[in-house]
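Here is a briefing on a single protein chain. Look at the fold before reading the points.

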Amino acid sequence: MSRKIKSGAKVSVVLVTAPDVATARKLARAALRMRLIACANLIPKVESHYRWQGKLETGAEVLMVLKTADHRLAALERLIIAEHPYDAPEFIVLALSGGNRRYLDWLTQMTKEKVTATASPKQG
């Protein structure tokens with residue numbers, strides 16, 4: 001592994017789908033304000049196929065890719081469950097085994113409850 005790669009970081013990517021961009025933006029902003037995530041990527045026009053209440057369903061959704069520190073996962077899940085319009089919103093946690101040291105350090109810093117001034121990376 002390169003010296004620029006940080007392994008064993010206690011950070012995760014969380015996948016959440018939302019019915020529309022407005023809902024996804026609302027959830028992302030709330031999570032950012034509460035420092036539950038460092039970054040949210042919103043990917044519109046995801047075509048979802050699933051079974052719901054005994055029927056096969058298809059619909060357009062927005063995929064939210066949320067980056068957070070593991071110690072914020074429980075609070076993030078509570079926020080999503082409380083504010084999401086779905087009865088059973090998607091909340092899938094993907095643990096990261098490593099990544100760019102500078103980015104992961106920034107991510108960890110941004111999800112602390114008290115943050116010191118730190119330059120953000122150019123990409124989320």
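The points below go from the overall fold to single residues.

This is a predicted model, in which local features need pLDDT of at least 70 and side-chain atom pairs count only at pLDDT 80 or more, while totals for chains, interfaces and linings use all residues. Residues are numbered from 1 along each chain as its sequence is written, and side-chain values use heavy atoms, leaving out hydrogens and water.

**Overall fold**

- The chain has three helices and six strands. Both are DSSP runs, numbered from the N terminus: helices are H or I with at least four residues, strands are E with at least two.
- Along the sequence the pattern reads β-β-α-β-β-α-β-β-α.
- Of the 124 residues in the chain, 35% are buried. Buried means under 20% relative accessible area, exposed means over 50%, and partly exposed is in between (1.4 Å probe, protein chains only).
- Among contacts with a separation of 6 or more, 71% join residues 24 or more positions apart. A contact means heavy atoms within 4.5 Å.
- The chain exposes about 8,000 Å², and carbon and sulfur atoms supply 53% of that area. The areas come from the Shrake-Rupley method with a 1.4 Å probe; for residues, only the protein chains shown count as cover.

**Strand pairing**

- S3 (residues 39–52) and S4 run antiparallel, joined by twelve bridges. Two strands pair if DSSP finds at least two bridges between them.
- Within this pairing, Ser48 stands opposite Gly59 in S4.
- S3 and S4 form a hairpin with two residues between them.
- S2 also pairs with S4 in the antiparallel sense, over eight bridges.
- Ala18 has Val62 in S4 as its bridge partner.

**Helix H2 and its cover**

- The buried residues of H2 are Leu73, Ala75, Leu76, Leu79 and Ile80. Seen down the helix axis, these residues fall within an arc of 165°, so they line one face of H2. The arc is that of the directions from the helix axis to the C-beta atoms.
- Arg78 and Ala82 are exposed on the other side of H2.
- The cover over the buried residues of H2 includes strand S2 (11–18), helix H1 (21–33), strand S4 (55–69) and S5.

**Phe91**

- Phe91 lies in the loop between helix H2 (73–83) and strand S5 (92–95).
- Phe91 counts as buried because its relative accessibility is 16%.
- Beyond its neighbours within four places in sequence, Phe91 contacts Val14, Leu15, Val16, Leu73, Leu76, Glu77 and Ile80.
- Val14 is 77 residues from Phe91 along the chain, yet their C-alpha atoms are separated by 6.5 Å.

**Salt bridges**

- Side chains of opposite charge can pair when their charged atoms come close.
- A search of the whole structure finds three salt bridges. The criterion is a side-chain nitrogen of Lys or Arg within 4 Å of a carboxyl oxygen of Asp or Glu.
- Glu83 pairs with Lys26, with the closest N and O atoms 3.8 Å apart.
- Glu83 is partly exposed at 38% relative accessible area. Lys26 is partly exposed at 46%.
- Arg72 pairs with Glu113, with the closest N and O atoms 3.6 Å apart. Arg72 lies in the loop between S4 and H2 and Glu113 in the segment after helix H3 (101–110), so the pair ties together parts that are 41 residues apart in sequence.
- Arg72 is buried at 9% relative accessibility, whereas Glu113 is exposed at 63% relative accessible area.
- Lys55 pairs with Glu57, with the closest N and O atoms 3.8 Å apart. Lys55 is exposed at 52% relative accessibility, and Glu57 is partly exposed at 24%.

**Positive phi outside glycine**

- Gln53 has a positive phi near 50° and is not a glycine. Gln53 sits in the loop between S3 and S4, and its relative accessibility of 68% makes it exposed.
- Arg35 is not a glycine either, yet its phi is positive at about 60°. Arg35 is found in the loop between H1 and S3. Arg35 is partly exposed, with a relative accessible area of 31%.
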